[in-house]
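This report describes one protein chain for a reader who has the sequence and the coordinates at hand. Please consult both while reading.

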Amino acid sequence: MLTSADLNPKGPISLAERQLLFDAFFIMMIVIVPVFVMAALFTWRYRGTNRKARYDPGFVYYWPVEILVWGAPAAIIVWLGFHLWDGTHKLDPYDPIDKSVEPLEVQVVAQDWKWLFIYPEQSIAVVNELVFPTGKPLSLKITSDTVMNSFVIPALGGQIYAMAGMQTKLHLLADENGEYWGRNVQYSGYGFADQQFHAISVSDEDFENWVQKAKDAGKMLDKEGYEALAKPSSKLPVTYYSSVTPGLFDSIIYKYTKGNAHGYAMQCTTPELAQASQASGGETGSRAE
């Protein structure tokens, strides 16, 4: 039984990625297997005790062998290129999984050394725990409030970078209820090894109960609360916030975009903040050190 999360997918994206891996592996075996077989045969045939093996020191060129040696690998590379190009573009992380289904939107912020998940529709936020309904597409908008991070949930899909002042996107879906491991795979300093989180897919009813649990926490994530949370810390327990200041995610990106307000306005998730960004010309933002 396959135990690695990469080889035991729990969603359509990770399943398609695994199939691409297997396809590439077996295509390359067309060259690799004959090479190992011929290496063994040549070693046996031309062993020191075999006096019947032909010895021809003047043999320097034979065009059928040249075609085989250079042509087969070239053909494999071309075949892999066409195969993986098409498959990779079909798995564009920015493309929705099912355009006919409204996804659950979650805003993800990488911090030192923890993950903040903001649910704008539910107006809650959670540290180091990502919960979502099974079978419902998950739309993640990702940024960083520190150095570059790399977000990944191996059982559900591939990694994507989180960068300060920028927003990347990732669409995932879980086929079955379960708890999956997620983490940062881009070295980011002292607490890097502990920057992990739980991704939990649950039923619709359990998701609503979980949202209510967060709302009952009675803890608000406002500007002051966020500044305290953003300070470097590791092994932070799961923390729930019952409400979130509107536009918090955009403001995190905006403070890194001084001098490029127009570019940031194109990324804003709220029209109000986009207008404020353009009107200020980026002067109200400041780059974190």
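Where is Tyr-46 found? Tyr-46 sits in the loop between helix H1 (12-45) and helix H2 (63-90).

## Basis of the model

The model is predicted, so local features need pLDDT of at least 70 and side-chain atom pairs count only at pLDDT 80 or more, while totals for chains, interfaces and linings use all residues. Residues are numbered from 1 along each chain as its sequence is written, and side-chain values use heavy atoms, with hydrogens and water left out.

## Overall composition

Seven helices and 13 strands are assigned in the chain; helices (H or I, at least four residues) and strands (E, at least two) are DSSP runs numbered from the N terminus. Of the 289 residues, 39% are buried. Here buried means under 20% relative accessible area, exposed means over 50%, and partly exposed lies in between (1.4 Å probe, protein chains only).

Contacts are counted where heavy atoms lie within 4.5 Å. Among those between residues at least 6 apart in sequence, 66% join residues at least 24 apart. The accessible surface of the chain is about 16,700 Å², and carbon and sulfur atoms account for 61% of this area. Accessible areas come from the Shrake-Rupley method with a 1.4 Å probe, and for residues only the protein chains shown count as cover.

## A nonpolar surface patch

Tyr-46 is partly exposed, with a relative accessible area of 45%. Tyr-46 belongs to a nonpolar surface patch whose members also include Met-28, Ile-32, Phe-36 and Phe-42. The accessible area of the patch is about 950 Å² in total. Patches are made of residues with over 30% relative accessible area and no salt bridge; like charges are joined within 9 Å, and nonpolar side chains (Val, Leu, Ile, Met, Phe, Trp, Tyr) within 5 Å.

## The six-stranded sheet

An open sheet of mixed pairing contains six strands in the order E8-E5-E1-E2-E3-E12. Strand E8 (168-172) and strand E12 (239-241) stand at the edges with a single partner strand each, so one side of each lacks a neighbour in the sheet. On average, neighbouring strands of this sheet are turned by 20° against each other, direction ignored. Two strands are taken to pair if DSSP finds at least two bridges between them.

Within this sheet, strand E2 (residues 114-119) pairs with strand E3 (residues 124-127) in the antiparallel sense over four bridges, and Leu-116 stands opposite Val-127 in E3. Helix H3 (residues 204-215) lies across strand E1 (104-111), E2, E3 and E12, and runs at about 90° to E3. Axes are lines fitted to C-alpha atoms, for helices over the stretch in contact, and angles run from 0 to 180 degrees between N-to-C directions.

## Strand E10 and its partners

Strand E10 (residues 196-202) is mostly covered, with five of its seven residues buried. E10 pairs in the parallel sense with strand E4 (residues 129-133) over five bridges, where Pro-133 stands opposite Val-202. Strand E9 (residues 178-184) runs antiparallel to E10 and is joined to it by six bridges; Glu-179 stands opposite Ile-200.

## Salt bridges

A salt bridge is a side-chain nitrogen of Lys or Arg within 4 Å of a carboxyl oxygen of Asp or Glu, and four are counted by this rule. One of them joins Lys-10 and Glu-176 (3.4 Å, N to O). Lys-10 lies in the segment before H1 and Glu-176 in the loop between E8 and E9, so this pair ties together parts that are 166 residues apart in sequence. Glu-176 is partly exposed at 40% relative accessibility.

Glu-105 and Lys-141 form another salt bridge, with the closest N and O atoms 3.6 Å apart. Because Glu-105 lies in strand E1 and Lys-141 in strand E5 (residues 138-144), the pair ties together parts that are 36 residues apart in sequence. Glu-105 is buried at 19% relative accessible area, and Lys-141 is buried at 16%. In helix H2, Lys-90 and Asp-86 lie four residues apart, about one turn of the helix, and their closest N and O atoms are 3.2 Å apart. Lys-90 is exposed at 63%, whereas Asp-86 is partly exposed at 38%.

## Backbone details

A cis peptide bond with omega of about -15° joins Asp-112 and Trp-113; Trp-113 is found in the loop between E1 and E2. Asn-128, in the loop between E3 and E4, has a positive phi near 65° although it is not a glycine, and is buried at 7% relative accessible area. Lys-235 likewise has a positive phi, of about 55°. Lys-235 lies in the loop between helix H4 (223-229) and E12 and is exposed at 65% relative accessibility.
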